[in-house]
Every structure is written in structure tokens, then in C-alpha cells.
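Subject: Structure for your files

Hello,

Here is the structure I promised to pass on. Please look through it first; my notes follow below.

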Amino acid sequence: MAANLLAHALVEEGKHVVAIPSFGFERRGAPVAAFLRFDEAPIRRMTNIYEPDCIVCIDPTVARAVNIFDGIRENAMLVQATRKALGELNLPRQVARAGLCDAVGIALEIFRRPITNTIMLGAFARTSGLVRLESLQAALRGEGGLRDAALEQNLAALARGYEVTAVHAIERRAAA
Amino acid sequence: MSALPQARPQHVVCDGNEAAAWGVVLSRPDMVAVYPITPQTSLVEALAQFAADGVLDAEMVEAEGEHSVLSVLQGACLAGARTYTATSGPGLAFMFEPYIRTPGLRLPMVMSIVTRDTLSPQCVWGGHQDAMSVREIGWIQMYCETVQEILDTVIMAFKVAEHRDVMLPVNVCHDGNYLSFGVCRVDLPAQGGVDTFLGKPDTNWHVALDPDRPMGVDPLTGGGGGPGPALFARYRKGQCRGMQNALGVIEDVHRDFGEHFGRRHAPLLEEYRLDDADYAIVTIGSMTGAAKDAVDEARARGQRAGLIKVKTYRPFPLQAMAQALGKVKAVGVVDRSVSFGWNCGPLHQDVLGTLATLPQRVPAVSFIGGLAGADLTPAHFARALQTTAQTLAGALPLAPVWLNESDR
């Protein structure tokens, strides 16, 4: 859902976008991934991403099941749902910028359930500066299939994610 | 799925399944019957939503299974209706009895196959094995490369199917996963433009049921004596002629589409960087984008690589393929399915058949990849290109090369 909304927002900003979700059987709670590319130029390849520039991890527990940093590029960006501080996270050296957001805490407050999609979109906008908050709001209003209270909750979630995310620039450590 | 806007937008951001549903909306069918099956399910949901919102003005039939879906549509088609359905893998298997009968009835139906690998092993992901397994049934098959091409091809498929020189059902195939769920910006043609492009449905009243002109449709034909054998041969020959006519009609319809909407899709085959190529790979479906990127990378290294993409697979564009293959000294064919009988990909067999019509000998390698949702990346195609190039020096693998065999 988050990748789909981000695709809408980026298209509205004039970008070429391909977003490909990846999942298995229909069951709740299984780890899922979505891969999104965007560019000023048309994108031809319809493939997954193996060497990401940016990783958005919307569930603080998923790293127990999969290595979310697999294939991460140099000078990469991480947007992480966590209540921990930067120093408590064991990040690979390639992460040069990290946006941390207690998305589960916010979600329990707003939705009374740990649904972090829109919160983490706000966190991504804040951390990366690659998409405007207004574009995400417009995508949510126009294309999210949400209305009334659900729309208001998600707009609030988006804004809170944007507001509270702490963005850290990480000094490159000297090679060991 | 996108919420319904008040006025229809000029573009949407959606996946391939929703793009197909938009193609259906714009083609204004009289009747749609669908039964959900992964990975086609969200296409059905989109159609149901469009019907509920009044965007799709067609009779929606919710049948109890795919066998009934196609049987219902056969009846509607015989009454002169424009009809659409979509299915995938096991749904196609359950549909087989009416499916095999539809081309012989000369019913101009359009059906999307959201391609999926066949069971077993148990899997729910994309692959071409389902569509390839029915390649000799007599349906026209076109394979899409992009999400935009899905929408455009669904519209074009009605014009091809209903053409009086064709009168055959069309499968618009789009890859499960990478196209069915891949989200892109898609331009929506204006309804007025599509209405003009498709024209009035050309109902074949020779077979359409009309209470004022009662007639038998599909009587018992054939046998070993009397008029049967000759009559059966005539029907079969006519069906084969319709398939061959479709090649020209598909070209005309794609040209018309380009003139109407400004988007040009290769109708039969697309040649990519082929004219001065030493060797080429043949691709089909959504793998083609990554393969083109790999060709560009090979070119950047000074390799004279090219690509041939198959859009229309049935009828097989023999002449166009012979012309394309005549430009290269070696070829590699990448199939997203297997031919169990030949230990190679089915498209590879078609290429081998085509090569037999050329005077020169062109070595051909069979590559099999992308089965059951496996990804085909530029790295896989770089390997396919390299292996194909090596055949120029005499290294021709006699067994298929399995591209995902070493994926981790």
C-alpha cells in the first residue's frame, strides 16, 4: 500500500515510476516487500531491486526474519520504524542517512492497531526529501480508496510521521 | 484500486490488472463473466468495482466456476454480444472444455490470461506455462511487455477478434506478478476515441442466434463417409485461414491504434538494435525491458547484440521472424515456460522451425527462466547474451540453459 501511494505521489511530481510488490500466499503477518524505482527517464525493466539506495522498513520486528540490508549500496538511506535511538541500532556501514520514527507508537495512538504504512511514508518524505508531503497527501486523498474517518486518520498519520522523524547524517567510519 | 473520480482522468497510476480492467471499460462489452483466481483476482475486483460504480456498463455474471464462465459467454457471443473474461493457471485448466471449443465456433471473445506457472509444484506466481500449454488450441495469443500495453492490447484485441476475416477468440496475455501487480503511470484513451477506433460491433449474424431466423449451430460434422469428412476439412481449413488472416489484421489494427492514440506498439515482433547485430536474443512478455537494458549494456561494451521481442505468438509470425533471424549469425531464445516433450522452451521450438526456412545455418540456444515468479534481471540476460555470443565460436549448448538455477 505504501509503495502504491508513493508511486502515485511521484507520478504527480512528473516522475517515471515502477513499483512492484512481492508476496506469497494470502496470509496476514508474513514478511512482504515492495520495490520502487523512479527516474526522470522512462524505466524499462520490470524487476525487483537487489541493490537498494534506500530501505524503508515499516515493521520494527521484520529484521528478525529477513536481512533487510541485503545488497545495500554505499551511501544508502534507511527509514526505520523503531522506538530505539540511533546508537542502539546496529546499522551496516553503508547507511549514510537514517530517519527514525516510532511508527508503531503513533499507529497505536491513531489507529489503535500497528499499521504503519502512511506514517512511514511521512518519515520517508522527511528523511529523503525525494517527495513532497503535499504530493503524498494528494495521493492519499485521490487514489488511496480511503474516505471519511479513515482518510482523516491516514492524513494525520502521514503528517505525524513527517513531523516526528529524527533524521541523522552518519559520518562514514574509516575502513577497518 | 483507484477510487472513482468524478470525471474520467487522462491518466491513472495502476497495476497491470487494473489496466486490463480499464481496457475492458473502454471497449464497452455487453457481458463480462469472471471467476477470481490468483494472480488475476484484482482484475476481477476492479471490474466489479467499475460495474458497481457505473463506470462499466456491462452485464456482470458471477458464475460458480470458470467452466460456467466461458459457457455463459459462448451463449452471449452467439447472441451477438461483445464479451470479455480473464483467468489464470488453474482457472484456465478448469475452463478447458469450453475453451477448446470456442475457436471452432468462431466466437470473437477476448480473454486475458494473467499468466501463472502450472501446478505442481504448488505455486501461485507468474510464468507462461498456462498460456503456453494452450498455444495450439486456436486462440490468438498476444503477450504484453508493459502495463500500458495491456490496456491498449485489450482494446485492440476486440477489433482483431471481431474482424470478419478473423472471427476468432483472442487471449491477451500479461505476466502474473511483474505486470499484474507492477504499478506504473498509464494513459487512458478518451472514450470517444475508443468508440471511433472500435466502431460498431460487427456481429456475425450468420451464426448469431436470431429467433426470427432459427438455425442449427455446430451440428455433428465429420465421420468416415458421406459429406462429413469434406465438411469437417472445410471448417478446419477456414479456421486455419482465419488464423493466418489475423497476422495482417493485427498489423492493421496496431497501425490504426497508433494513428488514433499516438502510441505505437510492435504488432507481431519488435526488432531492437537488430540491423547491425551479430547475434540476438528472443524474448516474450515483461522480461523484455530488462533484456533491452542488457542489450544496451552489451552494446556499450562493444558487443553487437540485438533483440527480437515476440508480441503475437499465435498465429506465429513466421515471415517476420524469418526476416528478423536472417539478420543475425546466432540466436538465444528465452522462454518463461518449458516444453516437456522437447527439453527446451516452446518459443525455442518455433524459432527452430523458422530457422529451417533460412538458407544459412544459425545456431540457437534455449534459455529457460522466470518460472514461478522468478525474476529475470539484466544480469540474467547478460549471461544469455554471452552464451549466445559464444556459439559464434562453436560452443553450442545442446541442452537448455536454466537462467535461475543458481539464484540465491
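Two strands count as paired if DSSP finds at least two bridges between them. Helices (H or I, at least four residues) and strands (E, at least two) are DSSP runs, numbered from the N terminus. Residues are numbered from 1 along each chain as its sequence is written, and chains are lettered from A and ligands numbered from 1 in the order in which they are written. The model is predicted: local features need pLDDT of at least 70 and side-chain atom pairs count only at pLDDT 80 or more, while totals for chains, interfaces and linings use all residues.

Chain A, strands

Leu100(A) stands opposite Ala166(A) in β6(A). The strands concerned, β5(A) and β6 (residues 166–169) of chain A, run antiparallel and are joined by four bridges. With β4 (residues 76–81) of chain A, β5(A) pairs in the parallel sense over six bridges; there, Met77(A) has Arg97(A) of β5(A) as its bridge partner. Strand β5 (residues 95–101) of chain A is mostly covered, with five of its seven residues buried (20 or more other C-beta atoms within 10 Å of a residue's own, C-beta atoms being placed from the backbone).

Chain A, helices

The axes of α3 (residues 117–128) and α5 (residues 148–164) of chain A come within 6 Å and cross at roughly 35 degrees. Axes are lines fitted to C-alpha atoms, for helices over the stretch in contact, and angles run from 0 to 180 degrees between N-to-C directions. Residues in this contact (C-beta atoms, placed from the backbone, within 7 Å) include Leu121(A) of α3(A) and Leu158(A) of α5(A).

Chain B, sheet

Chain B has an open sheet of six strands with mixed pairing, in the order β9-β11-β10-β13-β14-β15. Its edge strands are β9 (269–272) and β15 (401–402) of chain B, each pairing on one side only. Strands β10 (residues 279–284) and β11 (residues 305–310) of chain B pair in the parallel sense over six bridges, and Ile284(B) has Val310(B) as its bridge partner in β11(B). Helix α10 (residues 288–300) of chain B lies across β9, β10 and β11 of chain B, at about 165 degrees to β11(B).

Between the chains

Which residues meet where chain B touches chain A? In all, 20 residues of chain B are in contact with 17 residues of chain A. On the chain B side, β8 (184–187) and α10 of chain B are the elements that give two or more residues. The largest share, four residues, comes from α10(B).

Regards

How values were computed:
Contact = placed C-beta atoms within 7 Å. Buried ≥ 20, exposed ≤ 12 C-beta atoms within 10 Å, placed from the backbone.
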